[in-house]
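Subject: Structure for you to look at

Hello,

Here is the structure I said I would hand over. Please open it first, then read the notes below it.

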Amino acid sequence: MFSKFQVPQISLAEGRYPCRPIEHALLPRQFSTSAEKPAAVVTANPKKDEEGNDMLIDITERAAKRLQEIMAKDSNPSLALRVTVESGGCHGFQYLMSLTNMSAVSPDDDTVFEASNGSGAKVVMDEPSLELLKGSKVDFTMELIGSQFKIVGNPAATSSCGCGTSFDIKP
């Protein structure tokens, strides 16, 4: 019989099962409790939903890096990615993305998110689009058919098309 402080060590060559003491299995584990850093912060015109919660999105590292590369290539640090949602597409709504200059951003109607990694990458959304996209991520993908910015993880979407540019929402 084994005590609760020993585990069997199987030795098939000898045909017996000697015991050895457990050295660390019963010690408490140390877990990190540091809060996860948000991938984007609101820098202009924060919005709240009907329940009073902040409407936020995330910007992935890949998207932030690609936006940073575009800003550097164009020598224009005031470029931002504008994401809008319109009716249409094969699933009812479609994502539209374009580059915009921060001077064209409406301080009353648009919310500006900036990647928290220090890249200076910005994403701009109007309030109706943000209402449909809150909780999602802006990503940059490189596939055989091309590379593009993409919305991923949209909690409001019930289904989407294969290419990821259109979606349906919960009624």
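**What was found**

Ser75 sits in the loop between α1 and β5; helices (H or I, at least four residues) and strands (E, at least two) are DSSP runs, numbered from the N terminus. This is a predicted model, in which local features need pLDDT of at least 70 and side-chain atom pairs count only at pLDDT 80 or more, while totals for chains, interfaces and linings use all residues. Residues are numbered from 1 along each chain as its sequence is written, and side-chain values use heavy atoms, with hydrogens and water left out.

Ser75 has a positive phi, near 50°, and is not a glycine. Most residues other than glycine have a negative phi. Ser75 is exposed, with a relative accessible area of 65% (buried means under 20% relative accessible area, exposed over 50%, partly exposed in between, with a 1.4 Å probe and protein chains only). Asn45, in the loop between β3 (40–44) and β4, also has a positive phi, about 60°. At 21% relative accessibility, Asn45 counts as partly exposed.

Ser75 follows helix α1. The 13 residues of α1 should span 18 Å at 1.5 Å a residue, and the end C-alpha atoms are 18 Å apart, which agrees (the expected span is 1.5 Å times one less than the number of residues). Which residues of α1 are buried? They are Ala63, Ala64, Leu67, Ile70 and Met71. These cover an arc of only 125° around the axis, so they are on the same side of α1; the arc is that of the directions from the helix axis to the C-beta atoms. On the other side of α1, Glu61, Lys65, Ala72 and Lys73 are exposed.

There is also an open sheet of three strands, in the order β4-β9-β10, with mixed pairing (two strands pair if DSSP finds at least two bridges between them). Its edge strands are β4 (58–59) and β10 (146–152), each pairing on one side only. Strands β9 (residues 137–143) and β10 run antiparallel and are joined by seven bridges.

The largest nonpolar core has 26 residues, and Ile57, Ile59, Val123, Val138 and Phe149 have the most contacts inside it. Such a core is a set of buried Ala, Val, Leu, Ile, Met, Phe, Trp, Tyr and Cys residues joined through side-chain atoms within 4.5 Å. The element that gives the most to this core is α1, with five residues.

Regards
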